[in-house]
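Here is a briefing on one structure. Look it over first, then read the points below with the picture beside you.

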There are 2 protein chains.
Amino acid sequence: MKLSEIGEFGFIDRIAPLGLIRPHNVIRGIGDDCAVTKIDDNACLLVTTDLLIERVHFMRSWGPANILGRKSLAVNISDIAACGGVPQDAFVSIGVPDDVDLAWLDGFYAGLAGLAREYSVNLLGGDTTRSLTDIVINIAITGIVASDEVLLRKTARPGNIIALTGPTGLAAAGCELLLRGENALEPWAEALKAAHLDPRPHVPEGRYLAKSHACTAAIDISDGLSSDLSHICKQSGVGALIFEEKLPINHALREAASHLGRDPLEWVLHGGEDYALLTSLNQDAFPSMEVAVAERGIKLVAIGVVQEAPGIRLQRRSGHEEILVPGGWNHFVERREI
Amino acid sequence: MKLSEIGEFGFIDRIAPLGLIRPHNVIRGIGDDCAVTKIDDNACLLVTTDLLIERVHFMRSWGPANILGRKSLAVNISDIAACGGVPQDAFVSIGVPDDVDLAWLDGFYAGLAGLAREYSVNLLGGDTTRSLTDIVINIAITGIVASDEVLLRKTARPGNIIALTGPTGLAAAGCELLLRGENALEPWAEALKAAHLDPRPHVPEGRYLAKSHACTAAIDISDGLSSDLSHICKQSGVGALIFEEKLPINHALREAASHLGRDPLEWVLHGGEDYALLTSLNQDAFPSMEVAVAERGIKLVAIGVVQEAPGIRLQRRSGHEEILVPGGWNHFVERREI
């Protein structure tokens with residue numbers, strides 16, 4: 001049997017039970033954005049790791065090395081943000097083929113260190129080795145969060161408001177433009193490419209949600225809205241109703257959809273790598289949160305509600321409800337190269 | 001310029017200054033076996049990460065998947081041991097080409113989880129993704145150590161005894177036998193292959209050294225005795241004198257040297273991946289330590305002394321002293337495939 005037959009998430013379910021050997025102090029192991037362990041009575045350590053492989057996750061030709069350095073760290077910081085934490089120390093492993101020159105590596109580390117400075121993250125270690133064909137990048141990162149502020153996936157409750165801290169689908173549209181290889185000069189195209197190549201981890205948003213004590217669950221949009229919402233729903237034992245009319249679709253996305261003959265809603269629902277946060281919030285607290293976030297320059301867009309019945313439903317503008325099948329990124333099952 | 005022109009260690013020196021963005025609580029960043037940060041007044045967190053790439057660090061054909069799973073974790077646990085710590089939680093990233101089947105992955109994780117159980121290490125997370133050609137494995141691991149028990153590389157002092165917690169050169173000889181592809185059935189050959197494929201991290205040794213308060217510096221033998229000793233010497237601003245007659249060369253190594261027409265001393269001095277600990281110890285404490293370790297079933301073999309003059313000298317059996325040039329593993333400069 002091949003991994004492609006059960007997929008990444010099937011495989012995670014298969015190995016997760018092997019891992020918990022010493023349960024003392026472990027709040028959360030395999031299955032969330034970060035592992036969460038107790039440091040003391042007041043604080044938890046967060047740890048997460050991400051592996052990026054050339055020609056699977058990125059093409060070297062898509063942009064300068066410093067932008068890839070930024071993204072490699074950003075996707076890890078995003079996992080800390082999804083758990084409500086403050087990112088701390090990063091550990092960068094890189095496998096380098098012989099055709100990569102030192103100038104490329106200097107650029108990569110300059111970009112990485114630049115983003116690290118923006119988020120006060122130390123680069124405290126790693127591993128540098130040869131690779132025969134593709135650039136391989138693995139970053140592990142730690143974070144800190146107060147014990148009563150940890151955000152998990154498994155704690156959404158029926159009646160909660162489902163909200164996003166930013167738009168989705170932009171990175172997927174940008175990825176499609178990059179794959180087409182056009183040197184589009186229109187600002188909307190450049191904005192979408194930038195959404196894919198240089199995403200912003202939503203740390204202030206995660207910290208606001210954590211401190212609000214009104215957030216019941218959170219995840220970052222790495223696989224796609226439908227997939228990531230299904231992770232929250234399955235782990236929380238709930239379902240969800242999403243309203244099409246509430247889903248943010250910006251000008252750039254409409255332009256790209258028109259240009260490429262695509263339905264922008266497909267990108268919004270299933271496109272990954274936007275790294276906005278998807279969260280469930282206590283209904284009573286939501287109105288005051290909408291006011292509070294505006295004062296902080298943070299976005300919080302309600303797009304649906306958590307329901308008891310399992311599964312995800314999409315209410316179209318017509319009022320018709322349909323089943324939304326999670327269809328985001330899966331490296332193994334979908335066989336997409338990028 | 002290529003990475004091969006400056007080597008892994010030249011590159012580490014180049015990027016290390018970029019990394020320390022928030023020095024508060026950082027005891028040690030890039031340049032030791034682990035990063036060391038303060039958790040509270042009494043304890044430090046250790047973090048280390050290692051990247052293994054197929055055809056650079058291992059061949060799939062060399063052994064069953066479970067042995068590779070064990071080694072992937074062992075080399076990380078060894079870094080925690082070298083800092084005197086107790087290993088805690090591991091995070092396993094794996095990139096999997098399409099020709100790897102689920103049975104191989106199950107074997108890999110079974111081996112990994114088996115070693116994790118032996119050392120009470122949790123497997124709390126990771127990342128699973130596709131790879132196009134080679135299996136890619138990155139493990140990050142945390143450890144805990146009391147603040148006054150941290151072992152570093154940079155604190156060796158002139159007059160210290162240099163000691164090993166186990167023999168060196170066995171893994172390198174085993175690697176050579178594996179590269180020749182012979183199905184040798186002699187016990188000595190199997191022992192050497194096992195030394196390469198299934199190394200034991202020296203955690204009890206590291207804990208004993210840490211608690212002794214007589215250990216001034218430590219490192220694990222991953223690059224080779226001469227290279228790893230030169231790391232201690234350079235970082236401590238000292239030199240070393242090693243005595244050929246004190247270097248342990250066992251029966252298996254002599255057999256392999258005779259069989260392959262090699263000088264066993266080359267393996268002992270320059271062969272990597274044995275994962276014994278190399279340490280410097282207070283001269284006054286050493287006699288009582290020799291007695292104490294014997295009672296614990298731990299080995300501690302004195303092989304030299306730390307000196308003020310930089311560089312490493314080897315005293316041959318004849319009494320003649322010669323300069324020992326560090327010549328261990330370097331993935332980039334030496335261009336060795338394995």
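Chain A falls into two parts: domain 1 (3-149) and domain 2 (161-323). Their C-alpha centres lie 22 Å apart. The model is predicted.

**Where the two domains touch**
- The contact between the domains takes 20 residues from domain 1 of chain A and 21 residues from domain 2 of chain A.
- On the domain 1 side, α2 and β4 of chain A each supply at least two residues.
- The largest share of that side comes from α2(A), with 10 residues.
- By class, the domain 1 side has 11 nonpolar, four polar and five charged residues.

**Chain A as a whole**
- Chain A has 10 helices and 13 strands.
- The C-alpha trace of chain A spans about 55 × 55 × 50 Å along its principal axes.
- A compact globule of 338 residues would have a radius of gyration near 20 Å, and chain A agrees, with 20 Å.
- Of the 338 residues of chain A, 55% count as buried.
- Take the contacts in chain A between residues at least 6 apart in sequence: 82% of them join residues at least 24 apart.

**The nonpolar core**
- The largest nonpolar core has 204 residues.
- Which residues have the most contacts inside this core? They are Leu151(A) and Leu151(B).
- Leaving aside neighbours within four places in sequence, the contacts of Leu151(A) include Ala82(A), Cys83(A) and Gly84(A).
- Gly206(A), Leu209(A) and Ala210(A) are also among the contacts of Leu151(A).

**Helix α6 of chain A**
- This helix covers residues 203-212.
- Its buried residues are Val203(A), Glu205(A), Gly206(A), Tyr208(A), Leu209(A) and Ala210(A).
- An α-helix has 3.6 residues a turn, so residues three or four places apart point the same way.
- The buried residues of α6(A) pack against several elements of chain A, including α2 (65-82), β4, β6 and α10 (286-296).
- After α6(A) comes His213(A), whose phi is positive, near 55°.

**How chains A and B pair**
- Two copies of a chain are related by a rotation about an axis and a shift along it.

**A loop residue, Ile39(B)**
- Ile39(B) is found in the loop between β2 (35-38) and β3 (43-53) of chain B.
- Is Ile39(B) buried or partly exposed? Ile39(B) is partly exposed, because 17 other C-beta atoms lie within 10 Å, and a buried residue needs 20 or more.
- Beyond its neighbours within four places in sequence, Ile39(B) is in contact with Ile39(A), Cys44(B) and Leu45(B).
- Ile39(B) and Val293(B) are 254 residues apart in sequence and 30 Å apart in space, C-alpha to C-alpha.

Terms used
Residues numbered from 1 in each chain as written. Chains lettered and ligands numbered in written order. Predicted model: local features only at pLDDT ≥ 70, side-chain atom pairs only at ≥ 80, totals over all residues. Core = buried A, V, L, I, M, F, W, Y, C linked by C-beta atoms within 7 Å. Buried ≥ 20, exposed ≤ 12 C-beta atoms within 10 Å, placed from the backbone. Contact = placed C-beta atoms within 7 Å. Helix = DSSP H or I, 4+ residues; strand = E, 2+ residues; numbered from the N terminus. Domains from an automatic or database assignment. Nonpolar A, V, L, I, M, F, W, Y, C, P; charged D, E, K, R; others polar. Rg over C-alpha atoms; globule rule 2.2 N^0.38 Å.
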